[in-house]
Amino acid sequence: DRGGTFTDIYAKCPGQSGKSRVMKLLSVDPSNYPDAPREGIRRILEEELGVPMPADDPVDTSHIDYIRMGTTVATNALLERKGERMALVITQGFRDLLHIGNQSRPKIFDLQIKVPDVLYEDIVELYKWTKLDENKLRKNLDALLKKGIKSLAVVLMHSYTCADHEVRVGEIAMEMGFTQVSLSSKVMSMVKLVPRGFTGELENFKNIFSCVDAYLTPSIQKYLAGFQSGFDENLKNIKLLFMQSDGGLTPVDRFNGSRAMLSGPAGGVVGYAMTSHNDQPVIGFDMGGTSTDVSRYNGQYEHVFESTSAGVTIQAPQLDINTVAAGGGSMLFFRSGMFVVGPQSAGAHPGPTCYRKGGPLTVTDANLCLGRLLPEYFPKIFGTSENLALDESATRTAFEALTVDVNEFMSSANKSHEPLSVEQVAMGFIRVANESMCRPIRALTQAKGHDTSRHVLSCFGGAGGQHACAIARSLGMTKVFIHKYSGILSAYGMALADVVHEAQESAACHFKQENISWLDSRVAHLSNQCLQELKSQGFSEKRIELEVYLNLRYDRTDCALMCSPVAAKSGNFSKYGDFLTTFTNRYHSEFGFTIPGRTVIVDDIRVRGVGKSGVSVHKNEPTSDGKNQAKSVQPEAFGWQTKSSTTIQCYFEDGFQDTSVYLFENLSPGHKIVGSAIIIDKNSTILVEPDCIADVTTDGTPCESITIGGGKVNQVGTELDSIQLSIFSHRFMSIAEQMGRILQRTAISTNIKERLDFSCALFGPDGGLVSNAPHIPVHLGAMQEAVQYQMRELGDQIKEGDCILSNHPLAGGSHLPDLTVITPVFTPEHETPIFFLANRGHHADIGGTTPGSMPPHSTSIKQEGAVFKSFKLVRNGEFQEKGEISLKPKFVISKISTSKIQNYFFSIQGIHLVNELVETYGLNVVQAYMAHIQSNAEVAVRNLLRDVNDPKSPHVVSLNAQDYMDDGSMIKLRIDIDAEKGSAIFDFSGTSPMVLNNLNAPKAITLSAIIYCLRCMVGYDVPLNQGCLTPVNIRIPKWSILDPEETAAVVGGNVLTSQRIVDVIMKAFKTCAASQGCMNNITFGDDEVGYYETVAGGAGAGPTWHGRSGIHTHMTNTRITDPEILERRYPVILEKFQLNPGTGGGGEYSGGDGVIRQMLFRKDLVLSVLTERRVFAPYGLDGGQPGKTGNNLLLRHNGPTINLGGKNSVEVHPGDVFRLLTPGGGGFGSPTPSTGEPPTKQRKVKDDQTFVERGSVFEYTQQQEAH
């Protein structure tokens, strides 16, 4: 396993003893060897055979049976953007599609939007409907060759089902001399142009790769050529296999970029799956230096088929490995009274403080400070001469300085605060790191309805053993399993893995009886492909297993499940088994319901051929009789000749404890080790905490099975403790996240289940927001207003068993389609609610005058849909299905589908999550820390406001700004900041009165915009809750456009005016130039079909950055529908979706460009547009130029072109074309002659040494924040 820092090697030697060898080398050590894997093989052969093998000679391969390998070469090349020069051939009108992607930004609070740039450097466009113009194509390709570009990716619309043009382009390119050619249709033949364009696999003929492969495979081939050249005859007759991201091995000549992204981590999953799984499901916990990988196994590998890595969407089977949370090198911070771990990492250079390179404090330093790492057993590779041990004194000195800062802050907040010791501070960071790692494990298991506590924690990686006991206890687990090869488990897993070949094609048919025979024939065709491929690799038919899958989903949904068949009982089933039963059972298990009577769609057919390796877990090891406890290491082993004790002092939550130390090599199966203890392995350190017992297993392989005891529960008081503050912050957020998972699993609504357009939140007894997940900007402050309105309106009428439905702007609503359900939490001892839970979700249609409940010309809220102020959806535990609410006019609940509303009721399960916390800590403590969390957010905002200081006015600073809506309505703001107190007055006096259109914004929208802006300007993670607004006094004139009367229309206020409020706040603080300032709301439909989208534009530039082009900004982050999905499901043809060059404002730093989106209609429909920035341009700052305004044009078929204006609704007919031009972002700073174009190529992903997130938990978070 060639990793980024170390190369791990596992060798199996022949003979009756079956001896195993393990070795770990630095992956890059040019002064000693050119290639680490080759050097490790050479050393082992030399030592085992007793035959000299000079390092400079090719290695003799006569004694090698096979080599199996995983490598990070592809991953590193992608992260660092060091792949091959390449060009893209794409359908005309979509030249910038892979730049735009799904149009959402990765981090919603980052004003400087960092998105890794595309892999290609030149583009050739092909018109999609006409015959291929081969002469023109050859001319364009020849121009690329003259530029030195010999790698090509071909991505054409709908090639997943009709690949003729792609195949011909590939043939011509190969004829002309391109060395790497990529065809997206050879990926997996799956619908979705964007991910298919990024991905690929080796297929019909050599050198056919896709976009990622065209970029990465040359890097892999260069490395492989160098590796093979170190052996005689370049390993010609040796089976050289590489681990793929899906957990299967493949021959070296079939190993390529898109299948290599998880090459190393996949080996670890196979390793623990083969060694840890028995009768309980297993969570894999791989804690390394920079990050932690989390995965799950329960008898079958869990795959994902579309994932994002390093800014690239990859459509290929990968093990669901979630890179999350903290690693050993994660940096430690104390911010605004809170302990923070990561996500920044010290990396290998400079590394932790103890590495003697002047690095920051990290989790590794905290473990060293607590006595949990023993420098004597760490390699002495530090210092200028690389011969010194870890520097304990430097770590302690740094922690002493940090402890002073912590105690000074705590004393200022609480005069009676008892100072913390250095060890208490270090222990605090360990506890926070552990809690941060527990959150994604809970998310991974509960996302699919699994109970986290019923799993075994399989721990591996260099740093995991120090944290495993604490994490398992926090998650309610009772067992931790640590394999003897845990330090090199990825390499060991490769020894146990099977060879895999997959074949897949698109089906796009109904799962009906008349299609079964056709499906069976296609399965047979793909099965034969896999069979012949594995036979060609030397596998007999007896050693080949074929796994058949259908990718199934309900019609009109996007949740597809890859399903294998169960044995068919009787009836008309596929000859391969019963797929439908698997689908319905899995759907019910994961989502809580099925949809009887709904047609099931077969999207794809997949066959996975497995060539069984026949390698089993090695079990010939000496054993202990199991009667006696293992002996601890004698003092002389440490060089402590004067010490008489066989123990060391190690710090735990109760203080220092005597801790025995053991060498793993001296342990045998049957040994029992009672905590506290430390077990030293060559590659890792294992901490057995107090009240835990480690058993060396007796199944023939010496591994630790640690039984986790309950541990001593320390009493937590109500007074502020910074360590507990950080832990409670994670626990409160975890509750909100788990509520969201429950809601998503049980929802029927597509908006909730698939678009994840909802928020779940926890509120204190005063209705103040405590935690909110996810951070959808427009929901940040609004939900608190909704809860507190019900408290004022209903008072003591709020009873246990009630659920209150609300969406009215006066009651804290944003716009009518966003329905909020509020649940009070009671205890028998309290007559008033102790907490509140709430969730807000978007419904596709809630009535109104147009489909989608977004009428562009509404002048009254009555025209926008059904309105609810305080409706008890559930009363005394009974669902009010037939209830009505009387308004003017009357609306009946059935108008908005009681079946959808009822799913909100399931979030009441959040009550149990809160009660668990109360049972652990006590109600008074939990409520006290709710207040402390809010105070912490207040401190962060006050610190921000203190930093805004005019030297001429040291105490009070006044900021002013104003901007206009396209109808001329002005939003005016004066901010008076008291820098000494860290407080501010946001005064919107002078803002225009409410308008007779729908641009009126409920007061809650302004609160959300202010919280969003403050969080962006703080610049780091802070709890987003009621405390953010405590230092802020907000003054909004009554009956203005920002606080309209009860009957005012508001649908445009939520999606348009909210953006202008942000523009005005950012302008006042001079933070950045205006972004596009619009969500570009587009809807079309009729009685049978309805579609809604928001469209990206340009981002504003800042004082040190260029604005991103073609991206969503500020109060929205909605993903856009893939072009192929759009055309397949709706009666339109997307003719163009690309950047609009020159629409970003110029300046020292340029604003981002808007986009052109053009679609042709294929039937009579109603088109509605609700947009802004068509009159007033997005402003520039400090001399920067404004961005260009947008435009909405309708091109009548054989008729005139019509400017629709910013807001309109119009009938369209077949052949009509709608052309949308979105605004650009403003520039920053005066342009100078030297000002060039913004840098757009080859941006690295890891500029700031944070870990690169991946996996289903990350994808879920990204999708949920994409609104």
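1. Aromatic cluster. In this predicted model, Phe334, Phe339, Phe409 and Phe429 are linked into a cluster by ring pairs. Across the whole structure, a search finds 25 aromatic pairs. Two further pairs are described next.

2. A tilted pair. The rings of Tyr272 and Phe460 lie 5.9 Å apart, centre to centre, with 35° between their planes, and the pair is classed as tilted. Tyr272 belongs to helix H8 and Phe460 to strand S19; the two residues are 188 residues apart, and their pair links distant parts of the chain. Tyr272 and Phe460 are both buried.

3. A stacked pair. The ring centres of Tyr964 and Phe1176 are 5.4 Å apart and the planes meet at 25°, so this pair counts as stacked. The cut-off needed here is that planes under 30 degrees apart count as stacked. Tyr964 is in strand S41, while Phe1176 is in the loop between S49 and strand S50 (1191-1195), so the pair ties together parts 212 residues apart in sequence. Tyr964 counts as partly exposed because its relative accessibility is 27%. Phe1176 is also partly exposed, at a relative accessible area of 30%.

4. The largest nonpolar core. This core has 66 residues, and those with the most contacts inside it are Ile975, Phe986, Phe988, Tyr1012, Ile1034, Met1066 and Phe1069. The elements giving two or more residues to the core include helix H21 (923-947), strand S41 (956-964), helix H22 (1003-1018) and helix H23 (1051-1069). H22 supplies the largest share, eleven residues. As general background, nonpolar side chains tend to be buried together in soluble globular proteins.

5. Tyr1012. What does Tyr1012 touch, leaving aside its neighbours within four places in sequence? Among its contacts are Arg105, Ile108, Phe109 and Leu111, as well as Pro777 and Leu780. Tyr1012 is also in contact with Val1062, Met1066, His1114 and Met1115. A second, separate core has 57 residues, including Cys369, Met410, Met437 and Val480.

6. Helix H13. Is helix H13 (residues 489-496) enclosed or exposed? Eight of its eight residues are buried, so the helix is largely enclosed by the rest of the structure. The buried residues of H13 are Leu489, Ser490, Ala491, Tyr492, Gly493, Met494, Ala495 and Leu496. They pack against strands S1 (6-12), S3 (66-69), S8 (239-243), S9 (249-251) and S19 (456-460), and against helix H8 (263-276). H8 and S19 are also the elements that hold Tyr272 and Phe460 of point 2.

7. Strand S1. Five of the seven residues of S1 are buried, and the strand is mostly covered. S1 pairs with strand S2 (residues 20-26) in the antiparallel sense, over seven bridges. Within this pairing, Tyr10 stands opposite Val22 in S2.

8. A four-stranded sheet. The strands run in the order S46-S45-S49-S52 and form an open sheet with antiparallel pairing. S46 and strand S52 (1207-1212) are at the edges with a single partner strand each, so one side of each has no neighbour in the sheet. From one strand to the next, the twist averages 10°. Strand S45 (residues 1081-1085) and strand S49 (residues 1165-1170) run antiparallel and are joined by five bridges. Asn1081 stands opposite Leu1170 in S49. Helix H23 lies across S45, S46, S49 and S52, and runs at about 50° to S49. H23 is also one of the elements that give two or more residues to the core of point 4.

9. Ser1109. Where is Ser1109 placed? This residue is in the loop between strand S46 (1090-1094) and helix H24 (1123-1129). Ser1109 counts as buried because its relative accessible area is 13%, and the cut-off for buried is under 20%. A polar atom of the Ser1109 side chain lies 2.8 Å from the backbone nitrogen of Asp1153. Not counting residues up to four places away in sequence, Ser1109 touches His99, Gly1097, Leu1139, Gly1152 and Asp1153.

10. The protein as a whole. The secondary structure comes to 25 helices and 53 strands. Of the 1267 residues, 62% count as buried. Among contacts between residues at least 6 apart in sequence, 71% join residues at least 24 apart.

Methods. Residues are numbered from 1 along each chain as its sequence is written. This is a predicted model: local features need pLDDT of at least 70, side-chain atom pairs count only at pLDDT 80 or more; totals for chains, interfaces and linings use all residues. Side-chain values use heavy atoms; hydrogens and water are left out. Buried means under 20% relative accessible area, exposed over 50%, partly exposed in between (1.4 Å probe, protein chains only). A polar contact is a pair of N or O atoms within 3.5 Å; within protein, one must be able to donate a hydrogen and the other to accept it, and residues adjacent in sequence count only if both atoms are side-chain atoms. Contact means heavy atoms within 4.5 Å. A nonpolar core is a set of buried Ala, Val, Leu, Ile, Met, Phe, Trp, Tyr and Cys residues joined through side-chain atoms within 4.5 Å. Two strands pair if DSSP finds at least two bridges between them. Axes are lines fitted to C-alpha atoms, for helices over the stretch in contact, and angles run from 0 to 180 degrees between N-to-C directions. Rings of Phe, Tyr and Trp (its six-membered ring) pair if their centres lie within 6.5 Å; planes under 30 degrees apart count as stacked, over 60 as edge-to-face and the rest as tilted.
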